[in-house]
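Good morning, and thank you for coming. Please look at the sequence and the structure as they come up, and I shall then take you through several local features.

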Amino acid sequence: MTAVRPWTPSRLLPVLGGWCALAAQLLPVGVPLRAVVVAAFLLAGPGAAAADWARPLPRPARGPDRLSAAGLVVALSLALAVLTAEALFFTGSFGAARAVLVLAVLTTVLALLPRHLPRRPLHRPHPLRRPHRDRDGGRDRRPDGRPPVRWRLLTVATVLALSASCGATGSIGSTGSGGNGTAVGSLVAPSAPAAAPSTAPLPVGADQPPSTGPWHSVFRDDFNGSGLDHGSWATCYDWNDGGCTNAGNQEDQWYLPSQVSVADGKLTLTAERRATNGSDGKTYPWTSGMVSTGRDQWDGTPRKTFTYGYFAAAIRTTGQAAGMFPAFWLLPAGTRGGLPELDIAEFINTDQYADLNLHAQAPDGTNIDAHYSHGPVDFSSGYHVFGLDWEPDAVTWYVDGVQVFQVTDRSVIPNVPMEVILDLAVGYHQSPPAGVDRTQVDVDWVGVWQH
C-alpha cells in the first residue's frame, strides 16, 4: 500500500540543505561558510532523504539505534555523491555546482515520493507470550530486545556502495581509453600494474599529432645545440625579477637560469638544495629551473603564444619523487597566472602517476576542475610522450600516442592565447626528505602543431 508522509523536519531539512548548498556556490571559493554548508549537505542530505523514504519502521528511539541510523545516512550520502560525480565525469560535464544541483534535485525528489509499504498479515499474539514493545509506543522488537534488521535500507546501501566502488576504478573522461587511470576522489587505487620497461621504444606515431589533421608544425625544439635557445625560451615566469617562484603554491624553490641546461640532445631542469635569496626578500631552501615561451619581464612581449593546437613533449621525470613537482602545462599570456589552465602532465610527489587537468571558470563563475590520473607507469625509467589536442569543442590528452582523457564541455574550454611551460617545482604539499639534495628532469623534445 502507499502511505502519505507528513512534512516533518526529517523531510524538510535535507531539501533546504540541498538548495542552501547550491546557493553557497555563489560565494567565493575561499569563504569557509561555502565549504561548511556544502560539506554538511553532502554528508547528510541525500542519505537522510533516502533513509526517510525507505524506512519501513518508525524512527529509532535509543542511542545505539540512532548512531547506527546516522552511520547509514552518511554512507548513503557519500555513495550517492560519488555516483553523481562519476556520472558527470563519464559525460564530460563535471562541475562542483552541477554536482550539488543534481544531488539537491535528487534529495527533493526523494522527499516528495510517497512511501510504499507491504501489507502486513493480521496475526494474533501467542496466548502465553506478550509481544515485545518499545517504551515509546510500539515498535515490535525481537525476543532478545534488539530492533529488527533494516534489510531494505541495508540492501540499498550495499548496492550503492558497490556501484560507487566499481565506478571509481574506471576513467572519468567522457571518452577516455587510457586503461590505467583513477577518478579524482576515488576510494580505491588502480589495480593494473602497467609499468613500461626503460628499454622499450616509444610506440610508432607517439611523436606525431593524432590522425585528426591536417596538421602543420608551428614550433619545435629538439635541444640539439650546446645551449638554450633564448629566442624561444625564457627561464622564468612573466614576473621575472632576478629569478621567480610560484608564490601561490608556497613552493620551496627560487628559479634561476643557471639551473637550465642543454646538452647531449636534451633539456635538463635541475633542482638543488641550496639556500637562495629571492628578489622578494625571502630566502628559499632550493633553487631550480624552468622554461617558458613567455616574457623576460612583466612589461615584455611573449616569445610565442598559441590558441588551439596539439602540444607534445618527450619527458623523463625525476626518480626522486618525494617533494618534487615537475609539470608540462599551458598558462594564459594575458592573465599571468589566472584561469584557465591546461596541465598536459603533472607529477606531484610521484613518478608513477601523471595528473592531467583542465582548470577553468564556468559561465556562472564557479571553478571547474576536470582531472584524470594516469598510471601506474614508471615515468622516471625512460622518456614518455605527453600530448594535448586543444580544439574549440574538445580537449584530449594522450600518453605515448594513446588517448587517455577528454573534456567536451565547450563552455569551459579555453579560447585565449597561452604560453608553454616546463618546470621543476619543489616543496608543493611536502618538502623533500632529508638527504635528498639534487634531482633533475630531462626533456628530449617539445613540439606544437596546428591545423
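P340 sits in the loop that runs between strand β11, residues 324-332, and strand β12, residues 341-346. The peptide bond joining L339 to P340 is cis, with omega at about 5 degrees.

Between β9, residues 290-292, and β10, residues 309-316, the loop contains Y308.

I turn now to the cysteines. How many disulfides does the structure hold? There is one, and it links C236 with C244, the S to S distance being 2.5 Å. The torsion about the S-S bond of C236 and C244 is about -105 degrees, so this disulfide is left-handed.

Next, a pair of helices. In general, two packed helices are described by the angle between their axes and by the distance between the axes. Helix α2, residues 32-54, packs with helix α4, residues 96-112, at an angle of about 30 degrees, and their axes are 9 Å apart. Because angles under 35 degrees count as roughly parallel, α2 is roughly parallel to α4. The crossing of α2 and α4 is left-handed. On the α2 side, the contact is made by V38, F41, L42, G45, P46, A49, A50 and W53. From α4 come V100, L103, A104, T107 and L110. Which classes of residue form the contact of α2 with α4? It has 11 nonpolar and two polar residues, and no charged ones.

Finally, a word on confidence. The protein chain has an average pLDDT of 79, and 72% of the residues score at least 70. Where does pLDDT stay under 50? One such stretch is residues 119-151, for which the model has 36 contacts beyond four places in sequence. Another is residues 164-198, with 80 contacts beyond four places in sequence. Where pLDDT is low, the predicted coordinates should not be read in detail.

Thank you for your attention.

Note on methods:
Residues numbered from 1 in each chain as written. Predicted model: local features only at pLDDT ≥ 70, side-chain atom pairs only at ≥ 80, totals over all residues. Heavy atoms only, no water. pLDDT = per-residue confidence, 0-100. Contact = heavy atoms within 4.5 Å. Axes fitted to C-alpha atoms, helices over the stretch in contact; angles between N-to-C directions. Helix = DSSP H or I, 4+ residues; strand = E, 2+ residues; numbered from the N terminus. Parallel < 35°, antiparallel > 145°, perpendicular 65-115°, else oblique. Left-handed = near helix turned anticlockwise from the far one by under 90°. Nonpolar A, V, L, I, M, F, W, Y, C, P; charged D, E, K, R; others polar. Disulfide = S-S within 2.5 Å.
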